[in-house]
Amino acid sequence: MRSRNVFSAMMAGVGLAGLMLMAPVTGAAAQEGKAGGTLKLLANAAAGTIDPHINYTLQYFQINYVLYDGLVTFRKTGDKTGFEVVADLAESLPKPEDGGKKYVFKLRKGIKFADGSDLTTADVVASFQRMFKISGPTTGTLYNGIVGADTCLKTPATCTLEGGVVADEAASTVTFNLVAPDPDFLQKISIPHAAILPAEAPLKDSGTAPIPGTGPYMIASYDPNSLLKMVRNPHFKEWSKEAQPAGYPDEIDYSFGLTDEAAVTAVENGQADWMFDPPPADRLAELGTKYAKQVSVHPLTAMWYVPMNTNLAPFNDIRVRQAVNYAIDRAAIVKLFGGSNLAQPSCQILPPDFPSYAPYCPFTANPGEKWSAPDLEKAKALVAASGTAGQEVTIITEDTEVSKSIGVYLQDVLNGLGYKTSIKPISQNIQFTYIQNTNNKVQISISQWFQDYPAPSDFLQVLFSCASFTPGSDASINISGFCDKSIDKKMGEAQAATIADPAKGAQLWTAVDKAVTDAAPVAVLFTPKRVDLISPRLKNFVFSPQFYWIMSQSWVE
Amino acid sequence: MSDQALSDPRRNDAQSSAAVAFPADLKFILIMDNSIGGQVLVRTRRGAEGPWRTAWRKLRADRAAIMAFGVLVLITAASLAAPLYARHVAQTDPFATNLNGEIVIDGQTRQVLEPSTEGLGLGFTPLGPTWDFGPYMLGADNQGRDVAARLLYGGRNSLLIAGAAALICLGLATLLGVVSGFFGGLVDILLSRILDVLWAFPVFLLAISLSIVLITQSIIIGPIEIRSGSLWLPIFIIGIVYVPYVARPIRGHVLSLMQAEFVTAAIGIGASPWRILLYDILPNVITRVIVFVPLILALNMMTESSLSFLSIGVQPPDASWGTIIQDGQGLLYSRPIVALAPGLAIVITVLALNILGDGVRDALDPKSSIRVV
């Protein structure tokens with residue numbers, strides 16, 4: 001998933017190890033909790049619809065994890081086990097059957113939705129049908145492997161997923177049949193887009209009208225212009241602490257409208273407990289010194305990168321793409337993001353501490369495992385060999401401070417390589433879809449990718465497979481339009497090997513990572529970290545690699 | 001006096017004076033335009049002070065206006081000297097990033113972007129003002145660029161855009177207003193409705209809408225192509241949006257002039273419409289247009305700054321005062337000078353333009369009450 005307003009950054013994970021790089025406020029899990037009170041959260045703006053099957057933003061993924069449940073979920077812990085999938089509404093994790101093409105889930109008994117109705121197998125089937133009927137944003141990428149999904153994607157209104165999701169009410173089981181084995185299936189249905197909703201949920205975007213869930217909280221009211229109020233779900237009883245623990249605060253108020261600067265001041269002063277948006281750059285030094293005890297910094301499994309259109313000049317020439325990779329001073333760009341304590345230079349696709357990650361950087365002054373310095377001579381030689389110098393290039397950035405700053409720097413780099421470069425900042429709300437659509441003829445852009453689920457396929461297959469490239473679509477997440485049949489084949493082999501032999505699968509994914517990095521459809525810039533600022537009264541700040549801050553596990557004094 | 005004598009401002013003054021027995025000490029004659037309350041200077045005696053000279057005398061007597069004019073000259077000169085300043089004083093390219101730059105201040109080498117070394121060591125702070133007439137006099141922005149040099153370059157672009165857009169606006173507005181008011185009938189109805197439609201849009205809404213639509217693509221008007229990213233794009237947009245606000249008062253003025261005695265007289269003696277337009281109407285419209293110049297310049301400057309601030313005006317790495325304010329927005333807490341300096345420049349320039357505008361109005365058209373928006 002992607003960054004904030006569009007795709008979310010969410011979950012992006014974290015470095016498996018060293019999750020709490022600098023976390024003076026984290027990790028107090030052993031403290032005695034104090035139930036009650038109101039948690040006050042701030043965000044610049046609301047993130048749109050609160051329909052959990054549609055919203056694809058970090059902002060609401062984070063709250064959907066305490067409002068809704070899936071059959072399985074990621075463990076809600078603040079260490080590396082937070083990447084592990086555990087049973088949630090299902091009694092236990094199913095074993096893959098039929099060579100990895102079949103999963104049978106048995107539902108827990110006695111679970112109720114916030115409106116008091118019982119959870120049944122019919123709700124599970126209806127929820128998966130609904131995902132397709134309302135054309136959920138990930139149905140074509142994450143859930144297209146379910147039997148019947150093809151038909152549902154073509155004619156969503158009549159979707160039945162016949163043969164794909166089968167309920168047995170008497171046995172209280174739901175069986176999922178896949179077209180082909182998918183080692184990441186359980187992870188894919190652990191995100192909020194696979195939340196189980198009442199069968200009566202509207203077959204359209206619910207917008208600002210809340211849909212009952214099974215989590216410890218429910219939405220009491222939602223006004224995107226001012227406030228999202230969450231209160232305790234009166235029908236919630238904790239059934240699994242690791243999947244969905246009961247929450248501490250009685251109420252969670254999410255207010256919208258304050259600027260980042262004002263939000264920082266409010267949290268510093270204890271008028272609010274947490275802010276969603278990253279603190280503005282000119283407050284970082286102050287936060288790192290005067291308010292260090294209220295700050296936590298965590299590495300993410302994410303990347304900032306520069307997609308280059310492999311089907312448009314001059315980037316349809318691999319030498320040009322490699323030249324850009326060689327020319328970029330990643331240490332300088334890290335400064336624009338806040339410095340080396342907030343980002344690490346990188347030039348490969350998979351982030352550090354991610355499954356199948358092996359350090360690799362061919363585009364540096366001294367190729368090896370780590371980026372050290374730009375190699376401008378080599379970059380200029382490659383451009384000269386390509387004969388493309390003098391061509392016009394337009395960079396599309398978001399209109400945010402960091403994205404624009406990186407764009408201005410990149411413009412400088414490209415001009416230095418001999419191109420005539422202009423830069424177009426576009427509203428953050430539309431830039432992500434704009435750069436995906438081939439009709440807009442975007443040559444090069446600035447973007448970010450945050451993990452949806454902790455598997456290499458989420459970076460490599462989702463972003464760079466031929467299947468992820470859909471010309472003319474706003475949802476063509478393969479922004480570079482990169483399609484290499486031989487690499488695609490390797491991805492398939494890695495996927496298949498992961499089921500039979502996970503270790504071999506991991507090796508194959510590592511090889512795919514290197515192959516994609518060498519082909520340079522993008523220039524990876526750095527791996528970011530997240531800065532969380534919390535109030536002095538907020539205790540037990542638990543940061544999950546998958547969910548980020550687990551708000552239900554904090555309490556206020 | 002004859003009708004011809006009244007209507008022809010080019011006529012020999014001696015002939016004119018012969019037609020009427022004016023007092024010997026009369027310097028010039030004012031024929032009052034009853035319809036608008038403005039003065040219409042038709043002719044003067046030989047050696048008497050002409051209307052332009054009178055206006056200039058009045059303007060020179062207005063100390064505030066002269067001071068404002070002086071300030072504008074200074075700002076313009078400083079902006080024009082931007083390349084010299086960048087090369088010889090700042091010794092930097094104000095459009096190139098300088099993220100790894102260093103500078104020696106008081107014998108100490110300092111980074112242009114200074115990392116925070118205390119506490120958690122988060123963030124970078126651009127170099128602050130040195131206040132020396134040299135590199136980084138006003139400090140650096142978040143790309144490590146010299147703010148003072150960019151301020152001067154920004155002034156060039158802001159003044160250029162405001163000036164060029166004013167020319168487009170006033171040229172189009174004068175054309176439309178005069179044609180509409182002079183020819184009347186269907187032409188007037190058609191042009192007036194077009195202006196009404198434009199008028200119906202709030203200025204900034206129209207400007208922002210046009211900018212968002214046009215910013216990523218070129219405009220092609222016949223053989224003319226305005227490429228995206230070109231300064232001509234904001235010039236064109238800003239030049240268009242204020243046209244109705246100038247054209248309508250001019251049309252009204254023309255309609256009033258058409259009722260004036262000297263025009264009636266010209267018609268009576270059989271002067272051709274084009275002659276009346278060129279020799280009776282336009283000379284009297286031009287004074288009002290001149291009054292509009294500083295006001296439109298000021299409005300254009302603010303509009304340009306607003307559009308650039310919203311990223312839909314001047315595009316990076318080019319600078320205008322609006323883009324520099326935007327650059328400084330993220331540094332308000334740590335380096336407020338980056339946003340304050342261009343903000344102050346805009347305030348001073350717009351204030352000077354407005355004061356000068358008042359002076360020009362008092363000199364040329366003292367009874368008018370021009371309000372553009």
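Tutor: Ala, Val, Leu, Ile, Met, Phe, Trp, Tyr, Cys and Pro count as nonpolar, Asp, Glu, Lys and Arg as charged, and the others, Gly among them, as polar. This is a predicted model: local features need pLDDT of at least 70, side-chain atom pairs count only at pLDDT 80 or more, and totals for chains, interfaces and linings use all residues. Residues are numbered from 1 along each chain as its sequence is written, and chains are lettered from A in the order in which they are written.

Student: How do the residues lining the second largest pocket divide by class?
Tutor: Into 22 nonpolar, 20 polar and seven charged. A pocket here is an open set of points on a 1 Å grid over the protein atoms alone, with protein on both sides within 12 Å along at least five of seven lines; lining residues have an atom within 4 Å of a point.

Student: How much space lies in the second largest pocket?
Tutor: About 1100 Å³. Of its 49 lining residues, T138(A), G140(A), T141(A), L142(A) and N144(A) are the closest to its centre.

Student: Which helix gives the largest share of that lining?
Tutor: Helix 12 of chain A, with four residues. Helices are DSSP runs of H or I, at least four residues, and strands are runs of E, at least two, numbered from the N terminus.

Student: Now cavities. How many are there of 30 Å³ or more?
Tutor: Five. A cavity is a set of grid points where a 1.4 Å probe fits but cannot get out.

Student: Switching to helix packing. At what angle do helix 7 and helix 9 of chain A pack?
Tutor: About 160°, with axes 8 Å apart. Axes are lines fitted to C-alpha atoms over the stretch in contact, and angles run from 0 to 180 degrees between N-to-C directions. Helix 7 and helix 9 of chain A are therefore roughly antiparallel, a label for angles over 145 degrees.

Student: And in chain B, how do helix 6 and helix 10 cross?
Tutor: At roughly 35°, with axes that come within 7 Å. By class, their contact (heavy atoms within 4.5 Å) has 14 nonpolar, four polar and one charged residues.

Key
Heavy atoms only, no water. Parallel < 35°, antiparallel > 145°, perpendicular 65-115°, else oblique. Points joined across faces, edges and corners; volume = space filled by probe spheres on them.
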